[in-house]
Amino acid sequence: MRLGLTVFIAGAATLSVEICASRLLAPFFGNSTIVWANVIGLILVYLSVGYWFGGRLADRRPQRALLGRIILAAALAVAVVPFVARPFLDATVRELDTASLGAAVGSFIAALALFAVPVTLLGTVSPFAIRLALPTVERAGTVAGRLYSLSTIGSILGTFGSAVVAVPLVGTQRTLIGTAVLLMLAAGLLLGARWQVLTLGVAALLAVPPGAIKSVHGMLYEGESEYQYIDVRERADGSRVLELNEGVVANSLWYPHSVLTGGEWDMFLVVPPLVAHPVRTVLVLGNAGGSTARALAALYPPVEIDGVELDPKVTEVARRFLGLNRIPRLHVITADARAYLRSTDKRYDVIAIDTYRQPYIPFQVTTREFFALVRSRLTPGGAVALNVARVPGDRGLLRAVAATVRAELGQAWIWDALRFNTLLFAFESRVTHAELVRGVGEAPEAVHPLVPLFRRQVAAAGFHGGVLTDDRAPVEWLADRAIVSYVAGGGRLEDDHLPTRPR
């Protein structure tokens, strides 16, 4: 009975640690499929090593007390993780001072090594327990099946218990400490009641308040949502920056006396004059703190704006610190971008897409199927525009997305507005280069500094590159390749802004 309960708890703890690993890493490296692949892959490596080592050790020293001490060591290693991982990750990102994914991968793998000890030790439990519980060879199958079944059931409960209940309710740090406490109790089942004093000591760590993920001067807010880490900080000039996850770039920017930012959000302001008819409705997919919506509402007064944001916590924070609730004619919708398009029959004159979760654009908003859906939600002659990040010297991702847009809408146009950002846009019906050059001249006066840049640089695109589909859209691979190549060549992020930047 005690061995069965021990195996059950170890299984639950293993998956709880895996869920928490992704949560600890997400604020610094995001939670893309690449990150999850590293988390799952390395956890499996550690478990494999644990299975092998546990089996060999159990054959040599089949002692309950030894298994209890192994679980005790695993518990202590799990309890230490949240206090060691976050300062280490923060220091790593600060020292790198770069948006390079090449460097990030190195630090990410190093950080994930924090889980090598606890997960490897947890991997030893099942084979060790089978050896202890095995009365005769004739019953080996029954014993192994029963214990692995208990371990798997524990893993299932550990997965849903941590992801659905514990992390949202008490946070990542306390979930890990709670996991360590359960492991301490399991160790006590094998070592005796006197060892439960250590359990009380680890349980006392639950009272320690979670430390700040990052320490930034001017911090107004920081916290975790269901999806990501969020912070808002105020800069010396009075502007406020909303950052998500690793915080390498700003996700929204707010100036107290200007709706313009000088950043990629201003690129979208040249689009309404390019539409052949007056723009009345705009959809912003990836509303975040409302930088694009704020400028559109101020510079194009008749427009009604629907801003779609996946994370309700981001919207709440933006209302508190970035004046989101003061943007006229803005209706914020909490939904996934693509899911919203599927669920609505509303048509828009302009659909602006800026859904980055750095450093990736979600693949599901880059495919031909997605742009077919977008086209069905445009008014006749309406425009779709999206921000595509790139690095100097590599246009692979841009070419692929442009080719996809062209395949579905018949044309694609690009404007390399910033060193690291391109505005990619297309229309429900065909337009000419001359019409674009002429139409942008109707932009509001505040946008006039962008007009000559746009006229010089706007170009047709989409003639090269593979079309992305729901079945195959390797946008993360394309982004990884670009950034690694850029960093290998000595490239670094630099301050880059449009001439609309407030003085």
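What follows is a short exchange about a cavity and a strand in a predicted model.

Visitor: What makes the second largest cavity a cavity and not a pocket?

Guide: A cavity is a set of points where a 1.4 Å probe fits but cannot get out, whereas a pocket is open. The second largest cavity has a volume of about 40 Å³. The search of the whole structure kept cavities of 30 Å³ or more and found 3.

Visitor: Why is the lining of the second largest cavity called nonpolar?

Guide: The lining consists of Phe268, Val271, Pro272, Val282, Leu296, Val350, Ala352 and Ala385. Phe, Val, Pro, Leu and Ala count as nonpolar. The lining therefore divides into 8 nonpolar, no polar and no charged residues.

Visitor: What makes S9 and S11 a pair?

Guide: Pairing needs at least two bridges. S9, residues 378-389, and S11 have 7, in the antiparallel sense. Val384 stands opposite Ala426 in S11.

Visitor: How do you know that S10 pairs with S11?

Guide: S10, residues 413-415, is joined to S11 by 3 bridges, and the two run antiparallel. The cut-off is at least two, so they pair. Trp415 stands opposite Leu423 in S11. S10 and S11 form a hairpin, with 5 residues between them.

Conventions. Residues numbered from 1 in each chain as written. Predicted model: local features only at pLDDT ≥ 70, side-chain atom pairs only at ≥ 80, totals over all residues. Heavy atoms only, no water. 1 Å grid on protein atoms, 1.4 Å probe; cavity = no way out; pocket = protein on both sides within 12 Å on 5 of 7 lines; lining within 4 Å. Points joined across faces, edges and corners; volume = space filled by probe spheres on them. Helix = DSSP H or I, 4+ residues; strand = E, 2+ residues; numbered from the N terminus.
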